[in-house]
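Please look at the sequence and the structure shown here before reading on.

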Amino acid sequence: VALNTETTDRDYLFGRLLSVMHHIEDYVNYKTDNKGRETNAMKYWSAYAQKPAYTAKQIRGSLQPYITKLNSSARNYYQLLLEDIFGKLEQTNAFTNVPLRENYLLGYYSQSAAFRTKDAANQEKEENEE
């Protein structure tokens, strides 16, 4: 599933946002030996689809301790990604609690696939450097 970083489709953007918030927490859990711990994004999945703006605010608030555990490069990367998505939602006045249509799933899984590709490339790079 190819990631569309140019779209301003509200549902797709909210899906991407959920994926980013999940990935941040999951990544930090993995690095700190909390593997397998359910992320807040997964806990609030159903509520997110019904009240996306409110639930995104809740999940984003719970992310701060995880963000502080990232190295500066990763922190900057994720902050810019979050700013980009939130910015697109703001530009289109789409940051509302109107329930999401199914298209948010495409955004979520496209963003998740992009993370997996990036993670695999980073792991291969690290192995080649050893």
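## Basis of the model

This is a predicted model, in which local features need pLDDT of at least 70 and side-chain atom pairs count only at pLDDT 80 or more, while totals for chains, interfaces and linings use all residues. Residues are numbered from 1 along each chain as its sequence is written, and side-chain values use heavy atoms, with hydrogens and water left out.

Helices (H or I, at least four residues) and strands (E, at least two) are DSSP runs, numbered from the N terminus. Two packed helices are described by the angle between their axes and the distance between the axes. The axes are lines fitted to C-alpha atoms, for helices over the stretch in contact, and the angles run from 0 to 180 degrees between N-to-C directions.

## Helix α1 against helix α5

Helix α1 (residues 10-31) and helix α5 (residues 72-91) have axes that come within 10 Å and cross at roughly 160°. That makes α1 roughly antiparallel to α5, given that angles under 35 degrees count as roughly parallel, over 145 as roughly antiparallel, 65 to 115 as roughly perpendicular and the rest as oblique. The crossing in which α1 passes α5 is left-handed, a word used if the near helix is turned anticlockwise from the far one by less than a right angle, with right-handed used if clockwise.

Where the two helices meet, the residues of α1 include Leu 13, Phe 14, Leu 17 and Ile 24, and those of α5 include Tyr 78, Leu 82, Phe 86 and Lys 88; contact here means heavy atoms within 4.5 Å. The residues of the contact of α1 with α5 divide into 13 nonpolar, one polar and four charged. In this division Ala, Val, Leu, Ile, Met, Phe, Trp, Tyr, Cys and Pro count as nonpolar, Asp, Glu, Lys and Arg as charged, and the others, Gly among them, as polar.

## Helix α4 and its two partners

The axes of α1 and helix α4 (residues 52-68) come within 10 Å and cross at roughly 25°, which makes α1 roughly parallel to α4. This crossing of α1 and α4 is left-handed. Residues of α1 that meet α4 include Phe 14, Leu 18, Val 28 and Asn 29, and among their counterparts in α4 are Ala 56, Ile 59, Leu 63 and Tyr 66. The residues of the contact of α1 with α4 divide into 13 nonpolar, one polar and three charged.

Helix α4 also packs with α5, their axes coming within 11 Å and crossing at roughly 160°. That makes α4 roughly antiparallel to α5, and α4 passes α5 in a left-handed crossing. Here Arg 60, Ile 67 and Thr 68 in α4 meet Arg 75, Gln 79 and Leu 82 in α5, and the residues of this contact of α4 with α5 divide into two nonpolar, two polar and two charged.

## Aromatic rings

The structure holds eight aromatic pairs, where rings of Phe, Tyr and Trp (its six-membered ring) pair if their centres lie within 6.5 Å, and planes under 30 degrees apart count as stacked, over 60 as edge-to-face and the rest as tilted. In one of them, the ring centres of Phe 14 and Tyr 48 lie 6.0 Å apart with their planes at 75°, so the pair is edge-to-face. Phe 14 lies in helix α1 and Tyr 48 in helix α3 (residues 45-50), so the pair ties together parts that are 34 residues apart in sequence.

Both Phe 14 and Tyr 48 are buried, which is to say under 20% relative accessible area, whereas exposed is over 50% and partly exposed lies in between (1.4 Å probe, protein chains only). Ring pairs link Phe 14, Tyr 48, Phe 86 and Phe 95 into a cluster.

## Single residues

Asn 29, in helix α1, counts as buried at 2% relative accessibility. Leaving aside its neighbours within four places in sequence, Asn 29 is in contact with Asn 34, Lys 35, Arg 37 and Tyr 66. Lys 88, in helix α5, counts as buried at 11% relative accessibility.

Asp 33 lies in the loop between α1 and α2 (40-43) and has a positive phi of about 60° although it is not a glycine; at 63% relative accessibility, Asp 33 counts as exposed. Asn 93 lies in the loop between α5 and α6 (103-129), has a positive phi of about 50° although it is not a glycine, and is exposed, with a relative accessible area of 66%.
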